[in-house]
Amino acid sequence: MPAEISIIIPTLNAEDQLPACLATLMEGLSAGLIRELIVTDGGSTDATCRIADAAGANITTGPASRGGQLRRGVAQARGRWLLVLHADTQLEPGWAAAVAKHIANGQGASAYFRLAFRARGLMPIWFAGWANLRSYVFGLPYGDQGLLVLGSTYDRAGGYPDQPLMEDVALVRALQRPLTALSARAFTSAERYRRVGWLRRGAANLWTLVRYIAGADPKTLARQYQR
């Protein structure tokens with residue numbers, strides 16, 4: 001019998017990205033995997049909430065803090081499994097079969113998608129490869145890779161902390177290991193890399209991770225990350 005999955009998506013002025021993200025979820029509906037869609041918004045001033053409402057999502061609103069938004073969204077979830085996605089993530093065709101197989105055979109393990117960028121060239125391939133290696137070797141997938149986790153496992157791990165950055169790292173570090181890499185990919189936006197530069201953005205991301213693990217304040221890191 002198909003598992004019940006609650007999909008949780010945090011948003012903030014995501015009208016340009018959300019429709020494509022939602023479109024890729026349709027195969028999960030057809031497969032009977034998705035029980036509900038929850039969009040947890042941080043105060044969008046564009047059409048994000050209207051798009052979510054038109055898609056039949058349950059919408060919850062509150063202050064803009066991705067960790068806090070996710071915590072509020074998960075609190076509304078009724079599915080046995082949680083699938084957390086970013087609004088600029090697009091799951092590749094075949095993802096529903098990969099998720100269904102994991103749920104049937106994964107013995108409750110948490111899982112993530114393999115990362116890919118919606119961009120051409122060597123840099124997107126190289127940086128996606130590093131992200132997938134980091135996830136496999138160190139067990140640290142980021143939020144743009146999606147996270148599939150049992151609700152009971154999420155609760156035991158303490159849930160997402162209410163912080164504006166590195167909420168994904170905080171949760172996966174608390175989850176029972178090992179995490180499983182799903183056979184499907186999550187395609188994420190490369191806009192920040194294009195705008196800032198691949199090497200510069202990659203170095204900033206790595207430095208932010210190192211500082212966070214060393215104990216830096218997530219609020220300070222978030223302010224510096226958004227510059």
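This briefing describes strands, helix packing and selected loop residues in one protein structure.

The model is predicted, so local features need pLDDT of at least 70 and side-chain atom pairs count only at pLDDT 80 or more, while totals for chains, interfaces and linings use all residues. Residues are numbered from 1 along each chain as its sequence is written, and side-chain values use heavy atoms, with hydrogens and water left out. Helices (H or I, at least four residues) and strands (E, at least two) are DSSP runs, numbered from the N terminus.

- Strand E1, residues 5-11, pairs with E4 in the parallel sense over four bridges; two strands pair if DSSP finds at least two bridges between them.

**Strand E8 and Phe187**

- Phe187 belongs to strand E8, which covers residues 180-188.
- Strand E5, residues 90-91, runs antiparallel to E8 and is joined to E8 by two bridges.
- Gln90 has Phe187 in E8 as its bridge partner.
- E6 and E8 run parallel and are joined by six bridges.
- Ala116 likewise has Phe187 in E8 as its bridge partner.
- Leaving out residues up to four places away in sequence, Phe187 touches Asp88, Thr89, Gln90, Glu92, Ala116, Phe117 and Arg118; contact means heavy atoms within 4.5 Å.
- Phe187 and Tyr225 are 38 residues apart along the chain, and 22 Å separates their C-alpha atoms.

- Two packed helices are described by the angle between their axes and the distance between the axes.
- Axes are lines fitted to C-alpha atoms, for helices over the stretch in contact, and angles run from 0 to 180 degrees between N-to-C directions.
- Helix H6 (residues 122-138) packs with helix H10 (residues 198-213) at an angle of about 15°, and their axes are 11 Å apart.
- This angle makes H6 roughly parallel to H10; angles under 35 degrees count as roughly parallel, over 145 as roughly antiparallel, 65 to 115 as roughly perpendicular and the rest as oblique.
- The contact joins Met123, Pro124, Phe127, Trp130 and Arg134 of H6 with Trp198, Leu199, Gly202, Leu206 and Leu209 of H10.
- Among the residues of this contact of H6 with H10, eight are nonpolar, one is polar and one is charged; Ala, Val, Leu, Ile, Met, Phe, Trp, Tyr, Cys and Pro count as nonpolar, Asp, Glu, Lys and Arg as charged, and the others, Gly among them, as polar.
- The axes of H10 and helix H11 (residues 218-225) come within 10 Å and cross at roughly 170°.
- H10 and H11 are therefore roughly antiparallel to each other.
- Their contact is formed by Arg201, Asn205, Thr208, Arg211 and Tyr212 of H10 together with Pro218, Leu221, Gln224 and Tyr225 of H11.
- In the contact of H10 with H11, four residues are nonpolar, three are polar and two are charged.

**Helix H8**

- The buried residues of H8 are Glu167, Asp168, Val169, Leu171 and Val172.
- These buried residues pack against helix H4 (66-76), E7, H7 and H10.

**Selected loop residues**

- Gln107 is not a glycine, yet has a positive phi of about 55°.
- Gln107 is located in the loop between helix H5 (95-105) and strand E6 (111-117), and counts as exposed because its relative accessibility is 80%.
- Met166, also not a glycine, has a positive phi of about 65°.
- Met166 is placed in the loop between helix H7 (151-157) and helix H8 (167-174), and counts as buried because its relative accessibility is 9%.
- Ser65 lies in the loop between strand E3 (58-61) and H4, and counts as buried because its relative accessibility is 12%.
- Apart from its neighbours within four places in sequence, Ser65 is in contact with Asp162, Gln163 and Pro164.

Definitions and conventions. Buried < 20%, exposed > 50% of the residue type's maximum accessible area, 1.4 Å probe, protein only.
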